[in-house]
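Subject: Structure handover

Hello,

Here is the structure I promised to pass on. Please open it next to this email, as the notes follow it region by region.

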Amino acid sequence: MQDLPDLKNNLSFEDFKTEVLNDYKTAVRSRECSLLGRREVLTGKAKFGIFGDGKEVPQLAMAKAFIKGDWRSGYYRDQTFMMAIGELTPEQFFAGLYADTDLENEPMSAGRQMGGHFATHSLNDDGTWKDLTKQYNSSADISPTAGQMPRLLGLAQASKLYRKLKDLNASKFSDKGNEVAWGTIGNASTSEGLFFETVNAAGVLQVPMVISVWDDEYGISVPAKYQTTKENISEVLSGFQRTENEKGFEILRVKAWDYANLIETYQEAATIAREEHVPVLIHVTEVTQPQGHSTSGSHERYKSPERLEWEKQHDCNAKMREWMIQTGIADNETITEIERHIKREVRDAKKNAWNTFLKPIIKERQEVTGLLSSLASKSPNGVFIKKLKESLAGIDEPNRKDIFSHGRKALRYVIGENLPEKEQLKSWLNKTYEVVEPKFSSHLYSETNRSNILIKEVKPVYDADAASVDGRIILRDNFKTLFSNHPEALIFGEDTGNIGDVNQGLEGLQEKFGALRVADTGIREATIIGQGIGLSLRGFRPIAEIQYLDYLMYALQIISDDLATTHYRTKGKQKAPLIVRTRGHRLEGIWHSGSQMGGILNLVRGIHVLVPRNMTKAAGFYNTLMQGDDPALIVECLNGYRLKEKMPSNLSEIKTPIGVVETLKEGSDITVVSYGSTLRLVEETSKDLTAAGIDIEIIDVQSLLPFDLNKDILKSTQKTNRLIIIDEDVPGGASAYILNEILNKQNAYKYLDSQPKTLTAKEHRPAYGNDGDYFSKPSAEDIFETIYAMMHEVNPKDYPKLR
Ligand SMILES: Cc1ncc(C[n+]2csc(CCOP(=O)(O)OP(=O)(O)O)c2C)c(N)n1
Ligand SMILES: [Mg+2]
């Protein structure tokens, strides 16, 4: 062990001692929180606990190297770090454990995330940015192991772009790109593909990222030998080490209990990343888990007595303590006194957090027990209601669930009664529900005036002699103005840069805007999305391109777990207004004509999902999204790039509204709802149907999420009384989603005179070739016959059986 760390800023020994003691206090404070936290779970006050014990000292070192403007993207062990940068108090730690829904008490997520998931606030209440250069920043954690990695790439890349791109108003986001993005990950989680993908991409991009691997040699019960080749992640990654001639990573190794070396290692890492924009990996070894993995089990079950003993000997806090005594920083008595003091402090913080958490709930309980008493005194069923009241009053530590459940049950006893006390209880339940329920469900989307759905439509305008051009030209020209008007906008993906995307919707734009803004990436869908998330968290307006819809699956986990929940899981305190651009639907074969829309729609609530039927509509969507704060996925129709469209004279101004359907043809017999490529077939078929005496109304959904906010489809079914949904996803896929929206949410079932129908693709993936398409997806004949059959059922005389 080294004696004393290099005192970079020439502290006096006294000041140095004070600083080390302060660090030690943070380590002890954090440990006490872990110890008491576990007790809170075991005694039932909190539901689950996962803590940072055993990882305290390395995090002190990381915190020292972390400066304002920097970003963290980490995982559930980082409480000490958060405490050391002043972003987590013991009260807040316990408020998180108890799931306090008040953001003032629980700033990490207002109780939406289990404890150990950390975040800072990037946004003011009105959704505008705070000055992120003047604060410490932590992106909000997610639980899936290594899920923090893709976003880390974007957070780091933002610094590089802020350093290199001119004309940006970066004042709230960056000081000349000097910010480092700090990642943390457990040793076992490095087994995930997302980790390797991120490391490789960071090496390629050369971005200021410092990844710390907290290596405690376990992932829950599974030891390193089942996790990592050679049981050593830094050795495995040694090929990434930069050399004099080749760019790569700087790889550093340090022991978790070696305070002095840790400080130096982290300072070195910060300098390399910050100054040179070179990624650094710090492999922190000999980490321990004094209390095991989490409150769900005990590590005595799977660790040998020898290992447990070794962990005791190498506990980083104990080692730091020894070192302080050895080096004369403090004597045993002083340290013991500090420890005693902190124990008391944490105990008091815990009590405060609990009382603060419980106070509004106790008040609500009092109100309801009062209402129940009054009701019991008047109702013939008073005995039962009294019992409920007593049961509620007797709960030691009530939840809101207890209060509502008792109150709602009581109402059942007085269904037939006409008592003012019943009305009072009902009114309390209804009113309070409206206040309480949003604590758990608000902020899935933006709730400010920058919500996408508030952006007004601007229709395309055409000159009399408007040219007819390939759809891709409309997109390209629109992107050209969009990137000129928005210096913070950029686009990246596979084949996006040099050739201007596989369908040339970006032709020539790299030349115009440079390879940083119109960029090629490796084939790595998850981290393309991660780049987009990280960049958008830091003020950019990225468009992340996934080459084909079929390959969105590689990124769907991160889109679902991270992007779709960013706003929700921070209760509106972080936003990631990323646009995901992809193209899909009818082309060729199993992996180039997919339409897995049902799966997507169900996994990305929190994101807007748009399927423009042509490129003018698509251009309008991009323009709309640039004005709003909600993230979105745009699926362009693969077969639309070479179809002719008229060039609008107001191209750069057009805006396609979000959540609004479009009626393409009015009709009186049947409402036909579809979207995307399939619409063209529906439109073609409608001429044949007209010839057969059937007048259909065609509606383009175009915005699947959100869906038909004006209920135009309902209005159409009120007129036609018949409904069919035509979709090229599997049976029960997007068509089921659409049916649910129309029947259950819009209540269109009341107006239907025929069974509502869905016509979809087959269960299997679409086969290759013209015939593969014809027999896999709904064809014009399928559409004709299905609609005709509906009319036959209604009126067999005029529409005799066709086949
Ligand atoms: C994708 C995913 N799989 C499984 C889990 C369940 N899980 C939570 S933590 C964990 C072990 C992680 O071990 P490690 O990365 O070494 O971190 P440590 O807890 O040891 O610090 C597992 C398997 C998860 N959260 N996410
Ligand atoms: Mg581990």
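First, the ground rules. This is a predicted model, in which local features need pLDDT of at least 70, side-chain atom pairs count only at pLDDT 80 or more, and totals for chains, interfaces and linings use all residues. Residues are numbered from 1 along each chain as its sequence is written, while chains are lettered from A and ligands numbered from 1 in the order in which they are written. Helices (H or I, at least four residues) and strands (E, at least two) are DSSP runs, numbered from the N terminus.

**The parallel sheet**

Six strands make an open sheet. Their order is E2-E1-E3-E4-E8-E7, with parallel pairing. Strands count as paired if DSSP finds at least two bridges between them. E2 (137-138) and E7 are the edge strands, each pairing on one side only.

Now the individual pairs:

- E1 (residues 71-73) and E3 (residues 181-186) are parallel, with three bridges. Trp71 has Ala181 of E3 as its bridge partner.
- E3 and E4 are parallel too, joined by six bridges. Gly186 is partnered by Trp214 in E4. From E3 the chain goes through helix H6 (residues 193-205) to E4, a right-handed β-α-β crossover. Right-handed here means that, with the strands pointing away from the viewer, the path from the first strand over the helix to the second runs clockwise.
- E4 and E8 pair in parallel over five bridges. Ile211 sits opposite Leu281 in E8.
- E7 (residues 250-255) and E8 (residues 280-285) run parallel and share six bridges. Arg253 has His283 of E8 as its partner. The chain gets from E7 to E8 through helix H8 (residues 259-276), and this β-α-β crossover is also right-handed.

E4 (residues 209-214) deserves a look. Six of its six residues are buried. A residue is buried if 20 or more other C-beta atoms lie within 10 Å of its own, exposed if 12 or fewer, and partly exposed in between, with C-beta atoms placed from the backbone. In a regular strand the side chains alternate between the two faces of the sheet. Both faces of E4 are covered: Met209, Ile211 and Val213 lie on one side, and Val210, Ser212 and Trp214 on the other.

**Helix H10**

H10 spans residues 316-326, and its buried residues are Cys316, Asn317, Lys319, Met320, Arg321, Trp323 and Met324. They pack against H1 (13-42), H2 (56-65), H8 and H11 (332-378). Contact means that C-beta atoms, placed from the backbone, lie within 7 Å.

The axes of H1 and H10 come within 11 Å and cross at roughly 155 degrees. Axes are lines fitted to C-alpha atoms, for helices over the stretch in contact, and angles run from 0 to 180 degrees between N-to-C directions. H1 and H10 are therefore roughly antiparallel. Angles under 35 degrees count as roughly parallel, over 145 as roughly antiparallel, 65 to 115 as roughly perpendicular and the rest as oblique. The contact uses Val20, Tyr24, Ala27, Val28 and Arg31 of H1, with Asn317, Met320 and Met324 of H10. After H10 comes Gly328, with a positive phi near 80 degrees.

**The mixed sheet**

Five strands form an open sheet with mixed pairing, in the order E17-E19-E18-E21-E22. E17 (662-665) and E22 (757-759) have a single partner strand each, so one side of each lacks a neighbour in the sheet. The twist averages 25 degrees from one strand to the next. E18 (residues 670-674) and E21 (residues 723-726) run parallel over three bridges. Thr671 stands opposite Leu723 in E21.

Two helices to note here. H23 packs on the sheet, touching E17, E18, E19 (696-700) and E21, and makes about 170 degrees with the direction of E19. H25 (residues 734-745) touches E18, E21 and E22, at about 150 degrees to the direction of E21.

H23 (residues 678-691) also packs with H27 (residues 780-794), at about 50 degrees and with axes 9 Å apart. H23 and H27 are therefore oblique to each other.

**Tyr737**

Tyr737 belongs to H25. Tyr737 has 22 C-beta neighbours inside 10 Å and so counts as buried. Tyr737 touches Gly598 and Leu601, leaving aside residues up to four places away in sequence.

Best wishes
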